[in-house]
Structures are given as structure tokens and as C-alpha cells.
Amino acid sequence: RKQWYQRRVRGVGHGTSGNMEGVTPGKDEGGPLRVIVSRSHAGSVKETAQAAFDGREVTVTPAGGAGYKAIEVVENKQDVYVHTTIIKKWDICAGDAILRTLGGKQTDLRGNDINYSHNLDPKNEHGLIATMHDHETYREKLQGVSNS
């Protein structure tokens with residue numbers, strides 16, 4: 001179990017907190033594909049990723065906390081964060097802001113930006129994928145993991 005208490009990270013359209021300075025989008029180095037997923041909603045991500053990436057070695061890390069998973073991607077400890085089921089938008093909006101501020105991207109598994117407007121349904125029903133690089137490649141290959 002990983003802990004990251006007493007650590008604050010902020011990201012808005014014009015900058016981030018000091019502890020995120022120097023973070024830049026990485027690139028796929030061709031090693032094992034590192035995927036972080038929900039501890040309680042992992043689904044068939046590993047099997048789908050192995051098939052989609054032609055048998056490439058896939059390491060799946062189950063973890064709690066959508067924000068934590070987004071930061072793992074931002075810090076290049078994971079290549080992609082995939083969530084396959086319905087998730088509340090308030091759980092994913094902060095990670096999305098930080099990813100985008102630092103050059104990453106988070107969409108639903110269909111490739112749509114997630115709309116956080118207050119007058120819309122608070123549920124994101126089409127899973128999500130978050131990356132710092134090669135977003136569309138990962139999304140196209142992993143879109144079939146959605147349970148929604």
C-alpha cells in the first residue's frame with residue numbers, strides 16, 4: 001500500500017505547485033507498459049493491454065485514489081491510468097487539471113473530454129484514460145476495456 005499524505009500538489013491553467021516544477025511529458029521507452037488501475041475496478045485491463053500491444057509485457061498496479069493514480073502518471077512512474085467503470089467527476093477533476101497543466105491529457109475511453117460543468121450529471125459513465133504522452137495511441141488500443 002502506498003501512502004502520500006502530507007503532500008500537496010496543485011495545477012491550474014497557468015502553473016503548478018513548486019513540487020511539480022520540472023515535470024515534463026515523457027515518451028514511451030518501449031519497456032514494460034505500466035498501467036495503474038483502480039484497486040476495486042481493475043477489470044480485464046492487463047489482458048486487453050497485452051493483446052492490444054502485441055504481447056508486450058504489461059505491469060498493472062492496483063491503487064486507491066484517482067488523484068494518486070494521476071500523479072503516478074504525471075511523475076512517469078506509470079505510463080497510463082485506466083478506469084473502466086463509472087466514476088464521479090469530483091474524484092477525477094483535480095488530477096485532470098494537474099495532467100493538463102503539465103502537458104498530459106485525460107479523456108473518457110471514447111476520447112471525449114470530460115465536462116465538469118455543475119449542471120451536468122456528476123458521473124463519468126465511459127471510463128477514463130490519463131497519460132502524459134501518446135494519449136490517442138493508448139486510448140485507441142485500450143478503449144475496449146470499458147465496462148460501461
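User: Before anything else, what counts as a salt bridge?

Analyst: A salt bridge is a side-chain nitrogen of Lys or Arg within 4 Å of a carboxyl oxygen of Asp or Glu. R100 and D113 form one, with their closest N and O atoms 3.2 Å apart. One caution: this is a predicted model.

User: Where do R100 and D113 sit?

Analyst: R100 lies in helix α3, and D113 is in the loop between β7 and β8 (123-124). The pair therefore ties together parts that are 13 residues apart in sequence.

User: Are those two buried or exposed?

Analyst: R100 counts as partly exposed, at 36% relative accessibility. D113 counts as exposed, at 53%.

User: Which residues are linked with them in a network?

Analyst: D96 joins in. A network of salt bridges links D96, R100 and D113.

User: How many salt bridges are there in the whole structure?

Analyst: The search finds 6. One of them joins the side chains of D79 and R34, at 2.9 Å from N to O. D79 lies in the loop between α2 and β5, while R34 is in strand β3, so this pair ties together parts 45 residues apart in sequence.

User: And their exposure? Is D79 buried or exposed?

Analyst: D79 counts as buried, at 5% relative accessibility. R34 is partly exposed, with a relative accessible area of 24%.

User: What about helix α4? Which side chains meet in a salt bridge there?

Analyst: E136 and R139 do, at 2.6 Å from N to O. They are 3 residues apart in α4, which puts about one helical turn between them. E136 is partly exposed, with a relative accessible area of 37%. R139 is buried, at 8%.

User: Switching to the overall layout. How many helices and strands does the chain have?

Analyst: There are 4 helices and 9 strands. Along the sequence, the pattern reads β-β-β-α-β-α-β-β-α-β-β-β-α.

User: How much of the chain is buried?

Analyst: Buried residues make up 41% of the 148 residues. Contacts also reach across the sequence. Take those between residues at least 6 apart: 71% of them join residues at least 24 apart.

User: What is the strand order in the 5-strand sheet?

Analyst: The order is β4-β3-β5-β9-β7. It is an open sheet, and the pairing is mixed. β4 and β7 (105-107) stand at the edges, each with a single partner strand, so one side of each has no neighbour in the sheet. The twist averages 20 degrees from one strand to the next.

User: How do β7 and β9 run, parallel or antiparallel?

Analyst: They run antiparallel, joined by 3 bridges.

User: Now α2. How many of its residues are buried?

Analyst: 8 of its 9 residues are buried, so the helix, spanning residues 66-74, is mostly covered; buried here means under 20% relative accessible area. Among the buried ones are Y68, I71 and V74. The buried residues pack against several elements, including β3 (33-38), β4 (58-63) and α3 (89-101).

User: What follows α2?

Analyst: N76 does, and its phi is positive, near 60 degrees. N76 is not a glycine. It is found in the loop between α2 and β5, and is partly exposed, with a relative accessible area of 39%.

User: Where is D134, and what is its phi?

Analyst: D134 lies in the loop between β9 and α4. Its phi is near 50 degrees, another positive value in a residue other than glycine. D134 is partly exposed, at 40% relative accessible area.

User: Last one: K89. Which side chain of opposite charge is nearest?

Analyst: That is D121, 6.4 Å away. K89 is buried yet has no salt bridge. K89 lies in helix α3.

User: What does the K89 side chain reach instead?

Analyst: The backbone oxygen of D121, at 3.0 Å. Leaving aside residues up to four places away in sequence, K89 touches several others, among them I114, Y116, L120 and P122.

Technical notes. Residues are numbered from 1 along each chain as its sequence is written. This is a predicted model: local features need pLDDT of at least 70, side-chain atom pairs count only at pLDDT 80 or more; totals for chains, interfaces and linings use all residues. Side-chain values use heavy atoms; hydrogens and water are left out. Buried means under 20% relative accessible area, exposed over 50%, partly exposed in between (1.4 Å probe, protein chains only). Helices (H or I, at least four residues) and strands (E, at least two) are DSSP runs, numbered from the N terminus. Contact means heavy atoms within 4.5 Å. Lys and Arg count as positive and Asp and Glu as negative; His and the chain ends are not counted. A polar contact is a pair of N or O atoms within 3.5 Å; within protein, one must be able to donate a hydrogen and the other to accept it, and residues adjacent in sequence count only if both atoms are side-chain atoms. Two strands pair if DSSP finds at least two bridges between them. Axes are lines fitted to C-alpha atoms, for helices over the stretch in contact, and angles run from 0 to 180 degrees between N-to-C directions.
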